[in-house]
Amino acid sequence: MNERPTMIEFQDVHKYYGDYHALRGINATIKAGEFFSLLGPSGCGKTTLLRTIAGFEEISSGAVLIDGKHMEGVPANQRPTNMVFQSYAIFPHLTVEENVGFGLRRERLAKDVLARRVGEALEMVGLKGYGARGAHALSGGQRQRVALARALILKPKVLLLDEPLSALDKKMREQMQVELIKLQRQVGITFILVTHDQEEALVMSDRIAVMFEGEIAQLADPETLYRRPNSRKVADFIGTMNFMPASVVSESGGRIEVDTQGFGRVEIDAAQAPGATTGNGTSIGFRPETLTVLFEGQVAADRECMATIEEVVYFGDMTYYDVRLDGMQTPVRISMRNVFGRPVLDIGTRTRVAWSPGALVLFR
Amino acid sequence: MKIPVLRIYTIGYLIFLYAPILLLPLFAFNDSKVIAFPLSGFTTQWFAQMWADEQMFNSFKNSLIVAGSASVLATTFGVFAARASTRYNFPGKAGILGLIMLPLVLPEMIVAMSLLVVLLAVGVPLSIFTIILGHVLICTPFAVAILTSAFQSLDRSLEEAAYDLGETAWSTFRLIILPLVMPGIISSLLIAFTISLDEFIIAFFLGGNETTLSVYIFGQFRFPAKVPAIMALGTVLVCLSICLLTIAEYFRRRGIAKTGAKDTGGFL
């Protein structure tokens, strides 16, 4: 990953709409051939940032570089990027072929060359034989594919995807996620995806920038983001995170000793506190699947504590237990994969819970 | 027995609306100079008389020139205004649009009188050109209203997509925006054409020695002997209107079928 050259570089990018500060000093680099996601709630500036790459938004200060070139003053129709729009923006008065070949119009290709390239592009997105259809007669998933083919046929350096899957139903969305990943590997083009769906970002991306209120809160690969979020906000936004009041007792030689409400005194690695001090109080966070409800005869691999089950939510393949650890006022969530032949526990059951200090994250 | 009030009302309303138009062909083919029942026999002499009237052809030609120019000009201005109002924000936008739409509610008499005063003061000779000026003024608000709704229903990202795919602002307009608002443009042309063709006051005030069809017809009513020929002319006009509407509706439906949009009613 590290040897890959830089494709996009943001240098202290600011964007104002009147008084509204939409982008607040974005600094980031996106590497060539990377599947990069901008993830955040609506209004966080992720789409604005994407549009500054495309050239649809002018930045107020800072610089955007694509493949080492400053993009200031370069209009959208001359940038080496193409975009898949949220609404797909399929031209309704043209056929599928005409839509896909639209960007090649200016190259004045011979008819057979054009037809061949359009055919290849359609085949790549699995729409072989749909060329002559009217664009308006397509389903959501097919429109999406046409939009992809139309953008990729120009062989851009960067493909920008603005919430491309949000209009599809769940099944179609999951199918398209896999197809997009395959397609990206196949063409090797840098993909930049904007999404508010954390699951989608985790599934598809090489790296993710989590954005809140015009700033990048954390930029990391999906695993780091999930296991070591650098703030409670990021932790909350990506998946489910349990929080437990805690206080730091001592800190030395890369080890931190923490006094927690539910787990007592724990020693953790300094890497488990990736965030800066925010002054909003100290707490320990852990994911629901890092705890295990222990059944009779099972032994904890690491540590265990006692708890009372307060709520049970059965999901078929999973069961969510909300349990109150002894010594804590609020319950924490544990997610357990259901195993055949093992009962689902009832509310009120006293049980042992296994946990591990290595799975904790410290927020200060 | 219950009286179907609403049904009677509806039928009565439709009779009131269309029966007079049905009288036109009836008397156009009636062999009598008097417009009254009972009918006295079939003839086509009124059509022949109308056909031989050079003044009628002249004013018909004037009307076509005026309505054609006014509808094209008003629609062109309408495209500019609709594009500006749906796409850009600029200071005083609401006020400017309000002023553009104002002639819609302004009595035509006032428009006609004030234009006449100004034109005479400036020394512009009255001709069909001055009628066109006046008609553009009253047709433009209709064009703006129709075209604004056409431009509004246009997804902004279609434009951006074309731009993103390498087209310039102008080629994007030509290749994407124009074809997609074409039904609106056709509606606007038709309505402006109809309004201009019908219009009397401005044509009468600003025409000078030139007469349009509406002014000519009004003038002919002073001579009872000419009235049957006017009936014949009216019959021809009704037939032309029906043809025009049919063509317009055909294109509207074809446009809808082509873009797959939902049919939301007549072209008006």
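Mentor: Start on the open side of α3(A): A:Asp112, A:Val113, A:Arg116 and A:Glu123 are exposed there. The model is predicted: local features need pLDDT of at least 70, side-chain atom pairs count only at pLDDT 80 or more, and totals for chains, interfaces and linings use all residues. Residues are numbered from 1 along each chain as its sequence is written, while chains are lettered from A and ligands numbered from 1 in the order in which they are written.

Now turn to the other side. The buried residues of α3(A) are A:Val118, A:Ala121 and A:Leu122. Seen down the helix axis, they fall within an arc of 100°, so they line one face of α3(A). The arc is taken over the directions from the helix axis to the C-beta atoms. Among the elements covering these buried residues are α2 (96–100) and α4 (140–152) of chain A. Contact here requires C-beta atoms, placed from the backbone, within 7 Å. Helices (H or I, at least four residues) and strands (E, at least two) are DSSP runs, numbered from the N terminus.

Check the length next. Helix α3 of chain A covers residues 111–124, which is 14 residues. The expected span is 1.5 Å times one less than the number of residues. That gives 20 Å for α3(A), and the end C-alpha atoms are 20 Å apart, so the two agree.

Look at what flanks the helix. After α3(A) comes A:Gly126, with a positive phi near 75°. A:Arg108 is not a glycine, yet its phi is positive, near 50°. It counts as exposed because it has 7 C-beta neighbours inside 10 Å.

Another positive phi belongs to A:Tyr88, near 70°, again in a residue other than glycine. A:Tyr88 sits in the loop between β6 and α2 of chain A. A:Tyr88 counts as buried, because it has 25 C-beta neighbours inside 10 Å.

Strand β6 (residues 81–84) of chain A includes A:Thr81. With 24 C-beta neighbours inside 10 Å, A:Thr81 counts as buried. The C-alpha atoms of A:Thr81 and A:Val158 are separated by 4.8 Å, though the two lie 77 residues apart along the chain.

Notes
Buried ≥ 20, exposed ≤ 12 C-beta atoms within 10 Å, placed from the backbone. Contact = placed C-beta atoms within 7 Å.
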